[in-house]
Structure formats: structure tokens, C-alpha cells
Amino acid sequence: MNIKTLLLVPGAIALSLSCLATFPATAQVDPVAPRMERGWSKLNLTAEQKAQMQQIQQSARAQIEQLLTADQRAKMQSLQQNRRKMREELRSLNLSDQQRQSIRQIMEQSKQRMQAVLTEEQRTLLQQQRQGMKERRQQRQQLQPGQSQ
């Protein structure tokens, strides 16, 4: 064995061990976090605001999951793994009227808590983003086949 090979082996082992050490942490990442990051990226949130937003969303998700039956929770977890949006996930769960009402309340409370984390400038920017999304959605609906243009 030459000296170069002997030097590469410990490096490869160290690299492998460092990857293995981080694997469990990445395997349990909240599926909501990447979606949240995309949604809030233009607001220039501080690290503290990001942490607060993430905590609010995780809390809301936990509250919603408590309302669900075991079958609904299992289906929701399956849908999360397929990276579907929470609205899509909830629509496909055949929720009772009581569950829907409770979920609406949880979502509204979460929205209010998140708004409180933002500065006035960030709230204004968020409102502009939402208005833009609403306009784009209306444009897409007008362009769908089968509807008058």
C-alpha cells in the first residue's frame, strides 16, 4: 500500500462518521420548515423571528393532530411525506364539522400570533404578497379551460 492510500483512508472514515452523526438530526426535520422558509423568505425575518414562527407552526400542527383520529393522523403523515400542502392534506381527511371548526380556530390563532411577531413593515409586505397571490390565483382561474375568458 502506498502512502497516499494510507492518508486517504482515515479521511474517508472521518467523513463517513461525520455524515452518520448528522443523519438522525436531518431525518427528523419538521416537514413544515422548508415550506415556511419559502413563504417567509422575502420578509427578511431575523433568526429570532424565524424561530418564533417555526414554534407557532409546530404548535398549531400539534394541536390539529390532537383533533384527528388515528386513521386521519396516519393519512396526514403519509401525505406529509409526499410533500403536499397542509390545506390539501386536511381536505383529503374527511373531517367532521367540529374538527373543521376547531382547525379554523387554531389556524386563525396561529395567524394572529405570527402577525404579532412581525414588524409593521413586514406586515405590510406580507399583505402585499398575499394580495399578489390572490390576483395570480384569480388570473389562473380565468384561464382555466371550460371557463369564459
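Predicted model: local features only at pLDDT ≥ 70, side-chain atom pairs only at ≥ 80, totals over all residues.
**Overall make-up**

The chain has 149 residues, of which 25% count as buried. Its secondary structure consists of 7 helices and 0 strands, giving the pattern α-α-α-α-α-α-α along the sequence. Taking contacts between residues at least 6 apart in sequence, 57% join residues that are at least 24 apart.

**Helix H3**

The buried residues of H3 include Gln49, Met53, Ile56, Gln57, Ala60, Arg61 and Ile64. They cover an arc of only 130° around the axis, which places them on the same side of H3. An α-helix has 3.6 residues a turn, so residues three or four places apart point the same way. On the face of H3 turned away from the buried side are the exposed residues Ala47, Glu48 and Gln66.

**Helix H6**

H6 also has 21 residues, and the distance from its first C-alpha to its last is 31 Å, close to the expected 30 Å at 1.5 Å a residue. Buried in H6 are Gln99, Ser102, Ile103, Ile106, Ser110, Met114 and Val117. Viewed down the axis of H6, these residues fall within an arc of 110°, so they line one face of the helix. The face turned away from that buried side carries exposed Asp97, Gln98, Arg104 and Ala116.

Two packed helices are described by the angle between their axes and the distance between the axes.

| Pair | Angle between axes | Distance between axes |
|---|---|---|
| H3 and H6 | about 170° | 10 Å |
| H3 and H4 | roughly 140° | within 9 Å |

Angles over 145 degrees count as roughly antiparallel, and H3 and H6 are therefore roughly antiparallel to each other. By class, the residues in their contact are 10 nonpolar, 9 polar and 1 charged. On the H3 side the contact includes Gln49, Met53, Ile56, Ala60 and Ile64, and on the H6 side it includes Ser102, Ile106, Ser110, Arg113 and Val117.

H4 covers residues 70–81. H3 and H4 are oblique to each other. Their contact is made by Arg61, Glu65 and Gln66 of H3 together with Arg73, Met76 and Gln80 of H4. Sorted by class, the contact of H3 with H4 has 1 nonpolar, 2 polar and 3 charged residues.

**Two buried positions**

Ser110 is found in H6, residues 97–117. Is Ser110 buried or exposed? Its relative accessible area is 7%, and because buried means under 20%, Ser110 is buried. Apart from neighbours within four places in sequence, Ser110 is in contact with Ile56 and Ala60. Both Ile56 and Ala60 are among the buried residues of H3.

Leu45 sits in the loop between H2, residues 32–40, and H3. At 11% relative accessibility, Leu45 counts as buried. Which residues does Leu45 contact, leaving aside its neighbours within four places in sequence? They are Trp40, Lys50, Met53, Leu118 and Gln122. One of these, Leu118, is 73 residues from Leu45 along the chain, and the C-alpha atoms of the two are separated by 8.0 Å. Another, Met53, is buried in H3.

Technical notes: Residues numbered from 1 in each chain as written. Heavy atoms only, no water. Buried < 20%, exposed > 50% of the residue type's maximum accessible area, 1.4 Å probe, protein only. Helix = DSSP H or I, 4+ residues; strand = E, 2+ residues; numbered from the N terminus. Arc of directions from axis to C-beta. Contact = heavy atoms within 4.5 Å. Axes fitted to C-alpha atoms, helices over the stretch in contact; angles between N-to-C directions. Parallel < 35°, antiparallel > 145°, perpendicular 65-115°, else oblique. Nonpolar A, V, L, I, M, F, W, Y, C, P; charged D, E, K, R; others polar. Expected span 1.5 Å × (residues − 1).
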